[in-house]
Amino acid sequence: MSTRIAFLKGHGTENDFVIVPDPENAIDLPPTAVAALCDRRAGIGGDGLLHVVRSAAHPEAKDMAAEAEWFMDYRNGDGSVAEMCGNGVRVFARYLQHAGLVTEGDLAVATRGGVKRVHLDKEGDVTVGMGRARLPEGDVTVRVGEHSWPARNVNMGNPHAVAFVADLAHAGDLLAPPPFSPASAYPDGVNVEFVVDRGPRHVALRVHERGSGETRSCGTGACAVAVAAARRDGADPAVTGVPATYVVDVPGGRLVITERPDGEIEMTGPAVIVATGEIDPGWLETVAR
């Protein structure tokens with residue numbers, strides 16, 4: 001790499017990302033490079049990295065190219081690959097708008113969790129169609145220190161364990177992944193949400209994101225929490241025939257989640273681009289080794 005590499009920094013409810021535009025998929029981003037870029041002291045800093053690639057140029061997205069021009073090649077802060085990131089999709093769409101590649105209105109974004117429908121509204125919020133939740137059967141338990149709770153297993157294209165607790169402080173520091181059982185429930189690890197009630201159809205959460213630690217927000221996690229809360233509250237839209245909308249407070253802001261009777265889930269919230277810059281290719285080559 002002999003030329004400097006452009007990057008941007010953005011966040012959605014303070015879930016922050018390094019954004020690397022690479023339409024032709026020409027930049028090598030091994031896990032070591034991603035982890036270095038996301039390092040908050042020695043790199044740019046972020047909960048994850050959004051690699052912006054044309055779907056037709058990426059082997060994992062070619063089959064979606066006819067439906068979605070752009071592929072969100074999402075990586076966790078430790079460099080590992082993730083299926084989906086709800087806040088990341090909103091920031092990804094905001095970047096496309098910022099770059100003049102799309103305008104207000106509807107667009108499709110390819111992800112490893114499938115094609116997501118996005119709406120950029122005039123007021124600045126971004127709404128993402130998050131698809132349907134899957135609710136694998138079986139009891140799950142999560143633990144922090146001496147506390148343990150039953151958790152709802154919810155899959156939003158990535159795995160979640162949702163535990164309703166009396167106090168968010170019971171989640172501890174969330175520096176390490178909270179232990180869960182049985183191990184067979186999440187063979188590839190899990191995002192764990194700890195949830196308290198704030199009022200009718202209004203909850204708050206803290207989350208440990210797989211591969212990133214505690215983050216200020218998690219979009220798929222907020223969706224999983226709304227789904228679990230609706231089942232707990234007897235408000236399953238498939239049963240009632242009425243959409244269920246929950247306000248979900250995260251440490252970095254607020255998201256609004258609606259599940260429709262057909263199972264489709266929509267998430268609405270802010271997305272902001274805060275900075276642009278260049279990555280020194282020599283540094284990137286060094287840290288990628």
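Asn158 sits in the loop that connects strand β9 (147–155) to strand β10 (159–164), and in this predicted model the residue is buried, with a relative accessible area of 5%. Leaving out residues up to four places away in sequence, Asn158 touches Glu83, Met84, Asn191, Arg210 and Thr220. With Thr220 there is also a polar contact, made between the two side chains at 3.2 Å. The C-alpha atom of Asn158 is separated by 9.9 Å from that of Ala224, although the two residues are 66 places apart along the chain.

Thr220 and Ala224 both belong to helix α3, where they are among the buried residues. This helix covers residues 219–232, and its 14 residues, at 1.5 Å a residue, should span 20 Å, which agrees with the 20 Å between its end C-alpha atoms. Because 12 of the 14 residues are buried, α3 is largely enclosed by the rest of the structure. The buried residues are Gly219, Thr220, Gly221, Ala222, Cys223, Ala224, Val225, Ala226, Val227, Ala228, Ala229 and Ala230. After the helix comes Gly234, which has a positive phi, near 70°.

The largest nonpolar core holds 52 residues, and within it Met72 and Ile257 touch the most other members. The largest share of this core, 9 residues, is supplied by α3. Returning to Met72, and leaving aside neighbours within four places in sequence, its contacts are Leu50, His51, Met84, Cys85, Gly88, Val89, Phe92, Val109, Ala110, Thr111 and Arg112. Met84 in this list is also one of the residues touched by Asn158.

Some of the residues in contact with Met72, among them Val109, Ala110 and Thr111, fall within strand β5 (residues 105–111), which runs antiparallel to strand β6 (residues 114–120) and is joined to it by 7 bridges. A hairpin of 2 residues leads from β5 to β6, and across this pairing Ala108 has Arg117 as its bridge partner. Strand β6 is in turn joined by 4 bridges to β7 (residues 126–132), again in an antiparallel arrangement, and here the bridge partner of Arg117 is Gly129. Between β6 and β7 the hairpin contains 5 residues, and Gly124 in its turn has a positive phi of about 110°.

A search of the whole structure finds 3 aromatic pairs. One of them joins Phe17 and Tyr74 in an edge-to-face arrangement, with 6.0 Å from centre to centre and 75° between the planes. Phe17 lies in strand β2 (residues 15–21) and Tyr74 in strand β4 (residues 70–76), so the pair ties together parts that are 57 residues apart in sequence. Phe17 counts as buried at 0% relative accessibility, and Tyr74 is likewise buried, with a relative accessible area of 2%.

Another pair, Trp149 with Phe194, is also edge-to-face, at 5.5 Å centre to centre and with 75° between the planes. Trp149 in strand β9 and Phe194 in strand β12 (residues 191–199) are 45 residues apart, and their pairing links distant parts of the chain. Strand β9, which carries Trp149, leads back to the loop in which Asn158 is placed.

Notes:
Residues are numbered from 1 along each chain as its sequence is written. This is a predicted model: local features need pLDDT of at least 70, side-chain atom pairs count only at pLDDT 80 or more; totals for chains, interfaces and linings use all residues. Side-chain values use heavy atoms; hydrogens and water are left out. The expected span of a helix is 1.5 Å times one less than its number of residues. Buried means under 20% relative accessible area, exposed over 50%, partly exposed in between (1.4 Å probe, protein chains only). Contact means heavy atoms within 4.5 Å. A polar contact is a pair of N or O atoms within 3.5 Å; within protein, one must be able to donate a hydrogen and the other to accept it, and residues adjacent in sequence count only if both atoms are side-chain atoms. Two strands pair if DSSP finds at least two bridges between them. A nonpolar core is a set of buried Ala, Val, Leu, Ile, Met, Phe, Trp, Tyr and Cys residues joined through side-chain atoms within 4.5 Å. Rings of Phe, Tyr and Trp (its six-membered ring) pair if their centres lie within 6.5 Å; planes under 30 degrees apart count as stacked, over 60 as edge-to-face and the rest as tilted.
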